[in-house]
Amino acid sequence: MNSRSFVSIEDIGRPQIEALLDRAAFFEAHPDSRLLEGKLVATLFFEPSTRTRLSFETAVNRLGGRIIGFSDAATSSTSKGETLKDTIKMVANYADLIVMRHHLEGAARYATEVTDIPVVNAGDGANQHPSQTLLDLYSIRKTQGRLDNLTVAMVGDLKYGRTVHSLVQALRFYNPRFIFISSPELRMPEQYLQLCRDNGIEYEERSDFGADAINASDILYMTRVQRERFTDAMEYERVKNLYTLRNDMLAESKPTLRVLHPLPRINEIALDVDDNPKAYYFEQARNGVYARQAIITSALNIELPHDEH
Amino acid sequence: MSTDKKHLAVAALRDGTVIDHIPAAALFKAVRILGLENTSKSLTIGNNLASGHLGTKGIIKIADTFFTDDVFNRIAVIAPTAVVNTIRNYEVVEKRRVSLPAVIEGIVKCPNPKCISNNEPMRTRFEASDSPEVTLRCHYCRRTVAGKDAEII
């Protein structure tokens with residue numbers, strides 16, 4: 001087991017979150033730091049995810065590191081029946097750090113137990129995707145100037161959306177107020193509502209995506225309602241349009257409101273929102289590179305140059 | 001004649017272990033955890049016996065067999081009410097409740113088919129809590145399962 005791995009947002013507290021966010025801010029300010037010169041990062045995508053892989057690989061490349069890996073388990077020996085343990089132990093002979101995505105839940109945790117090199121979880125099934133959470137936090141802090149005492153509305157699929165679950169977990173340190181907006185069948189699971197109650201966090205659940213909720217919010221976190229979550233196709237057709245954000249709905253919102261979305265977007269944010277200065281989802285994706293640079297350099301115990309002065 | 005004999009056969013344990021106050025539904029899981037399916041020692045299993053606070057209970061008496069604390073801790077997962085009596089020379093030399101360990105390894109199968117532990121040749125691992133009821137959380141996928149519903153490997 002190794003302690004510098006980054007597997008779950010649950011594993012880290014407020015000081016570590018802030019250290020990582022500060023590190024991400026450094027990389028935004030110094031995009032050409034060559035801190036990974038001579039380092040080799042393995043990106044093992046047992047499950048394809050082009051967007052996440054490109055973000056991690058951009059993070060490594062911009063820091064001067066090198067990359068080995070695969071983008072699909074079909075091209076690895078997993079397809080020949082090799083165990084995850086053997087794949088990890090083999091790759092650990094070559095690389096300084098492993099970034100892995102796997103369709104099985106807990107795969108990254110297990111990987112940390114079979115190797116001494118740090119493992120960064122780039123998503124394990126429906127379980128955790130902590131670099132997404134970190135970039136969400138970075139985007140919130142950057143646009144609001146703080147993480148404390150914000151009103152965060154989460155909209156869409158709150159039941160299966162792991163990004164909103166992890167964000168609730170991470171924001172528990174920051175006295176947020178949550179507005180959970182979804183259809184009854186896609187409500188925030190009880191365990192996260194319990195987490196809010198245990199931490200004295202005020203929250204409201206509602207099914208209407210009304211102007212009063214938008215106007216009260218600092219962050220509007222939109223998620224995709226996926227067709228495959230519904231057994232009844234008619235129900236999906238009804239629900240998907242109830243949780244679509246259109247530009248006119250932002251008319252009376254706070255000037256500092258920002259709209260976030262983990263992407264890909266389908267129809268839950270109308271295209272006319274894109275030109276609104278409150279739309280932040282494309283910048284949010286760019287912040288993912290800084291957040292991943294922070295995670296990788298931290299996992300490799302690389303000090304930032306300004307620490308030395 | 002048979003009444004006395006039967007009573008004697010159950011009661012007369014010179015050396016061995018008696019595990020009492022097992023919830024009736026958990027009895028056979030307990031037998032499995034103790035590894036008694038293939039024992040050659042004298043073994044008595046009773047189930048659905050009247051019990052004051054459990055309603056019905058199960059009891060296991062096994063001659064000339066003693067277990068480590070580790071084994072009893074596993075019993076605590078499915079039968080937190082169980083009481084273990086150690087018998088030496090017809091005397092109860094020790095009587096104690098089982099206690100739930102904080103971490104349960106290699107005993108329980110994760111209920112999540114998409115958990116890595118169900119897809120790799122590896123030991124399962126759960127973090128256990130017992131308030132108010134025994135609940136196990138998978139160390140890997142974070143899924144929780146009630147102790148009474150846990151599938152024993």
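Which residues does A:I98 touch, not counting residues up to four places away in sequence? In this predicted model, local features need pLDDT of at least 70 and side-chain atom pairs count only at pLDDT 80 or more, whereas totals for chains, interfaces and linings use all residues. Residues are numbered from 1 along each chain as its sequence is written, and chains are lettered from A and ligands numbered from 1 in the order in which they are written. With that exclusion, A:I98 touches A:A42, A:L44, A:I88, A:V91, A:A92, A:A111, A:I117 and A:V119; two residues are in contact if their C-beta atoms, placed from the backbone, lie within 7 Å.

A residue is buried if 20 or more other C-beta atoms lie within 10 Å of its own, exposed if 12 or fewer, and partly exposed in between. Strands (E, at least two residues) and helices (H or I, at least four) are DSSP runs, numbered from the N terminus. In a regular strand the side chains alternate between the two faces of the sheet. Accordingly, A:L97, A:V99 and A:R101 point one way from strand 3 of chain A, and A:I98, A:M100 and A:H102 the other way.

Strand 3 of chain A runs parallel to strand 1 (residues 40–45) of chain A, to which 5 bridges join it; A:M100 is the bridge partner of A:L44. Another 4 bridges join strand 3 to strand 4 (residues 119–124) of chain A, also in parallel, and A:H102 is partnered there by A:D124. Strands pair if DSSP finds at least two bridges between them.

A:I98 is also among the residues that touch the most other members of the largest nonpolar core, which holds 117 residues. Such a core is a set of buried Ala, Val, Leu, Ile, Met, Phe, Trp, Tyr and Cys residues joined through C-beta atoms within 7 Å. B:A30 and B:V77 of chain B are likewise among those residues.

Chain B comprises 3 helices and 11 strands, and 33% of its 153 residues are buried. Its C-alpha trace spans about 55 × 30 × 25 Å along the principal axes. An automatic or database domain assignment provides the bounds of domain 1 (2–97) and domain 2 (103–152) of chain B. Their C-alpha centres lie 25 Å apart, and 9 residues of domain 1 are in contact with 11 residues of domain 2. On the domain 1 side, helix 2 (27–34) and helix 3 (69–78) of chain B each supply at least two residues.
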